Amino acid sequence: MRYGSAPRLKKDLVTLGIVSVAYLAISAFVTNSYYQLIMTLVPVWALFGVSWNILSGYGGQLSFGHASFFGIGAYVVTLALVYWNLTPWLGIPLGMIVAAGAAVLIGLPTFRLKGHYFALSMLAYPLAILYFLQYLGFQEMSLPMHRENPAAYLEFTNPHYYTLVGVILLILGVFVCMLVENSRFGLALLSIRQNELAAEAAGIDTKLWKMRALVVSGMLAAAAGGFYACVLLVVTPDSVFGMLVSAQAVVVTLFGGVASIWGPVIGAAILVPLAESLNAELGSMLPGIQGVVYGVAIIAIMLAAPDGLFWTIRDKYFTPKPPAPLPASLAANAPPVAQPAPAGSLLMKVEGLSRSFGGLRAVSGVTFDVRAGEILGIIGPNGAGKTTLFNLLNGVLSADEGTAILGGQSMLGKKVHAVARMGVGRTFQVVRSFPRLPLLDNVIVGAYGAGFTDADAIASAAHALERVGLSALAGVPAGQLTNKQLRLMELARALAGAPRVLLLDETLAGLGREECDDVLDVLQRLRTEGTTVVIIEHTMHAMMRIADRFVVLDHGRVLASGLPRDVVENRSVVEAYLGKKWAAKQDA
Amino acid sequence: MTDLSRRTMGLGIAAGAATLSTRAARAQTPSEVKIAMLVPLSGPWARQGILEQMGARLAIEDVNNAGGIKSMGGAKMKLIEYDTQDSSEKAKDAAQRMVAQEPDLVGGFGCWLSSFTLAATEVTERVSLPWLTLSYSDAITGRGFKHVFQSSPTADKQAEELLPMIVELASRARGDGWKPTKFAYIGDNTASSVSFMKSIRGPKAQELGLTMVADEVYTPPLSDATTMVQHIRSAKPDFLGFQSTNVPDDKLLADKFAEFGLRSNKLPKIGGGGHWAVPELLNVAGAENLEGILVALANWPGKRQADLEKRFIAKTGEPWFGHDSIFAYVHVMILKEALERSGVADRVKVSQALRTLDMTDGPAAFFPDSTLKYDEKGRRMGAKLCVVQWRQGKPVPVYPPSIATHEVIWPKI
């Protein structure tokens, strides 16, 4: 569990309990069977939204085809009831298991794709299943009626019971979502959403977590679909696999609030009754008008509250309490870090590292050593291949030739998160934070990535914050931090995994002179504590201040290396930076 | 209850005061009795729903003009209309709304498309509302429901009857001892067509001395019929059946055969389903290309309804009184009959009355076979196919003889 999650969980559970009881109490007074049906559909679509939210809200893996799992749940319940006379009470769990299997099958090929490509491929699955079911002759499956003992088959003459079952399913779904949100699962997903590469570089096995999210999400969707079939009585491929079904999950969640437990619930509670009553009141007079009104309502709310109702209302009306400072004991409990290699000993050895993009030799035969406890500056003009070099070292790109050894182990040919686990921390040019999450949670991701237990991860993150001097801000949402603090936060995130070597990519970019000095002070302090740093930087004066040695890259080759003083006076370096003319002037 | 409901409405969750119970209307002799019509009034099937609506409204008018329901002190019948829209889900939804908002309904009919009927009756059956339907699917009355009554011959029965009926029609029309021996079929791959074709390909054809010389299947919507027409032309069947399911495909098929010189005077054709006999098809395909095409369907007003047909045409401006409208008309009449017999506006009693109907007059006269009796499944006993033939831009009944206004024409080739 995340730091401070216990009171939050408790508060959310109490809210959930109160809302559920109030909802059921209201439903008890609704006697019109149609309005009762609407009250049953609200938790169904809310649960579907919760399921979508786990994969696409928290994990950022936009799925336009969540109807796959919803429909699988519905069809498993229906077919099992028709052919095996299996009660939906068991059919729903069975559907969840089938959906979990389907999630793995769908995830394996589809997670190779990213962004829009992923979203669009997800769209294809329900459509394919839809036609397949039509081909099999399952166009219209009605759930057989049981006159004897209907409750055993999830059939009730009193429609209030349907609402009750729906609410119970939703409670379970929301509870699962709370567990996800408050654990490393949720943080891993959030970090994947922010930047998959950065998450990998922090040591998070993004493929594995995404797959877990898809499986959990698919199972919840199947539960919603299975119960929906029982309410629907007649299941058609279009009603459970159709485009509009997938859209429903997206819409209720976006409307209510993405990556929030309550978002889908709020969205469903408003949109489902609205859509149904529009449909009922206007559908027969002006067919299609309900869709127009519904669409306009959604567009309006998206313009006014792009993050969804939950976040907009929370940000506007509920200023969070000033966070309590972290207890000092927390950082002290940080897990003991393996004794750093003795200062000056060889830590990392890179030899003949090359990588071409077509005809462009981006990195060509680069060779250098990193010694324990030093700050090695990698400098060079724009396009010299500095970031490419980092990308080769931490596994983002594969090398064409050469070797890179860290503490006796090759760093090449490994996945990014595996390189991170070897003890390579990395920061990126552009800071990726989770603006709504407290600073500590932002940093803890790095500790999770290193494979620490929950308690160790919290302690290690607190310790990392202390080292960069941000302890006092541990509870502040990252969205309120300054640019400098964000840079330090990223540094802390990389430190939280107790790395053996830090690869810092333009950590000082965009900082003013004073801010720059503050960050440099932190880096110097880290060096005195024995941390080894390889840093890419443009700001020459800063590099001169902190770097122990320089490696100068130009056109992918090592131009020079050695002590800063020697390097900056090297004629070819001056030429590379300032041109031949300038170099000649210098000589003169 | 009502007060509390209002309060909940104030909370933003609307609630009505209606209850979901099988309770009948309170008054002993109500001044009006409500029946429901749930048909597609919007979406792609709206036209069929509107044709039903026209028939039903005329029937209600006829009942009320004739003094309403006599056993209930002349209570007027009132038609409550609901729209299924365009999917089974919405049809079921509309049914749910219907039973919630109109708790004193005593019966109803609909929903034209079998899928919609299947979905809506799942709702009506659960509140014991008697429901009449013209839909064909066997599944509708294959679920052990007690309050659903199917007036058409079911799809399986139609498939079984069709080939013998064509052979009989052909040999009678020719009158020279000739019988067709080779036939061909073109059908789409929708669910109802697939199950229909299973039966057509079965052993029945052989028993009749028929050989299937071409069997073409396509995925609707049909985009080009040329290859199929060429196959059929080279197979030289004695007649050709169409198991298509929508007007655009019907039009394309009729046009393409005409283009290849295979109008019905060269190759007799028989289409299945009401969509082969609607004014829209005439508008798009034209009288010339449709001339002589036979259409098998579940009901058609015959010579006995000449007067009713005239009134219908005068009132609605439609070119003819057809399959969908007469079904709606007769369903209102059957419900009226059941209400007369039960004497109270109680849906369970009305359902019982429907179950015990056994008539050959009254509403029964609106069926070609003039029988009105539902079996234990709720299927109308004796329901038979009828056949109309396109003649100069109008479908005219040619079979069975009880409704026929014209003799069937079968070309000598």
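Predicted model: local features only at pLDDT ≥ 70, side-chain atom pairs only at ≥ 80, totals over all residues.
Local features need pLDDT of at least 70 and side-chain atom pairs count only at pLDDT 80 or more, while totals for chains, interfaces and linings use all residues. Residues are numbered from 1 along each chain as its sequence is written, and chains are lettered from A, with ligands numbered from 1, in the order in which they are written.

**Chain A overall**

- Chain A has 25 helices and 12 strands. These are DSSP runs numbered from the N terminus: helices are H or I with at least four residues, strands are E with at least two.
- Along the principal axes, the C-alpha atoms of chain A fill a box of roughly 100 × 50 × 45 Å.
- Of its 588 residues, 53% count as buried. Buried takes 20 or more other C-beta atoms within 10 Å of the residue's own, exposed 12 or fewer, and partly exposed lies in between, with C-beta atoms placed from the backbone.
- Among contacts in chain A between residues at least 6 apart in sequence, 74% join residues at least 24 apart. A contact needs C-beta atoms, placed from the backbone, within 7 Å.

**Domains of chain A**

- Chain A splits into domain 1 (5–243) and domain 2 (343–423 + 500–587). Domain bounds come from an automatic or database domain assignment.
- The C-alpha centres of domain 1 and domain 2 of chain A lie 49 Å apart.
- In the contact, 8 residues of domain 1 of chain A meet 6 residues of domain 2 of chain A. Helix 8 (residues 196–201) of chain A gives the most to the domain 1 side, with 3 residues.
- That domain 1 side divides into 4 nonpolar, 2 polar and 2 charged residues. Ala, Val, Leu, Ile, Met, Phe, Trp, Tyr, Cys and Pro count as nonpolar, Asp, Glu, Lys and Arg as charged, and the others, Gly among them, as polar.

**Domains of chain B**

- Chain B is divided into domain 1 (2–153 + 304–366) and domain 2 (156–297 + 386–399).
- Their centres, taken over C-alpha atoms, are 33 Å apart.
- Domain 1 of chain B puts 12 residues into the contact, and domain 2 of chain B puts in 13. The domain 1 side has 4 nonpolar, 4 polar and 4 charged residues.

**Nonpolar core**

- The largest nonpolar core has 316 residues. Such a core is a set of buried Ala, Val, Leu, Ile, Met, Phe, Trp, Tyr and Cys residues joined through C-beta atoms within 7 Å.
- Ile444(A), Ala461(A), Leu465(A) and Ala492(A) touch the most other members. Helix 2 (residues 33–58) of chain A provides the largest share of this core, 17 residues.
- Beyond neighbours within four places in sequence, Ala492(A) contacts Val443(A), Ala464(A), Leu465(A), Val468(A) and Leu470(A).

**Helix 1 and helix 6 of chain A**

- The axes of helix 1 (residues 5–29) and helix 6 (residues 160–181) of chain A come within 11 Å and cross at roughly 170°. That makes the two helices roughly antiparallel, a label for angles over 145 degrees.
- Axes are lines fitted to C-alpha atoms, for helices over the stretch in contact, with angles from 0 to 180 degrees between N-to-C directions.
- By class, this contact has 10 nonpolar, 4 polar and 1 charged residues.

**Phe452(A)**

- Phe452(A) sits in the loop between helix 18 (439–449) and helix 19 (454–468) of chain A. Phe452(A) is buried, with 23 other C-beta atoms within 10 Å.
- Leaving aside neighbours within four places in sequence, Phe452(A) contacts Pro335(A), Ala447(A), Ala457(A) and Ser460(A).
- Phe452(A) and Pro335(A) are 117 residues apart along the chain, and their C-alpha atoms are separated by 8.6 Å.

Key:
Contact = placed C-beta atoms within 7 Å. Parallel < 35°, antiparallel > 145°, perpendicular 65-115°, else oblique.
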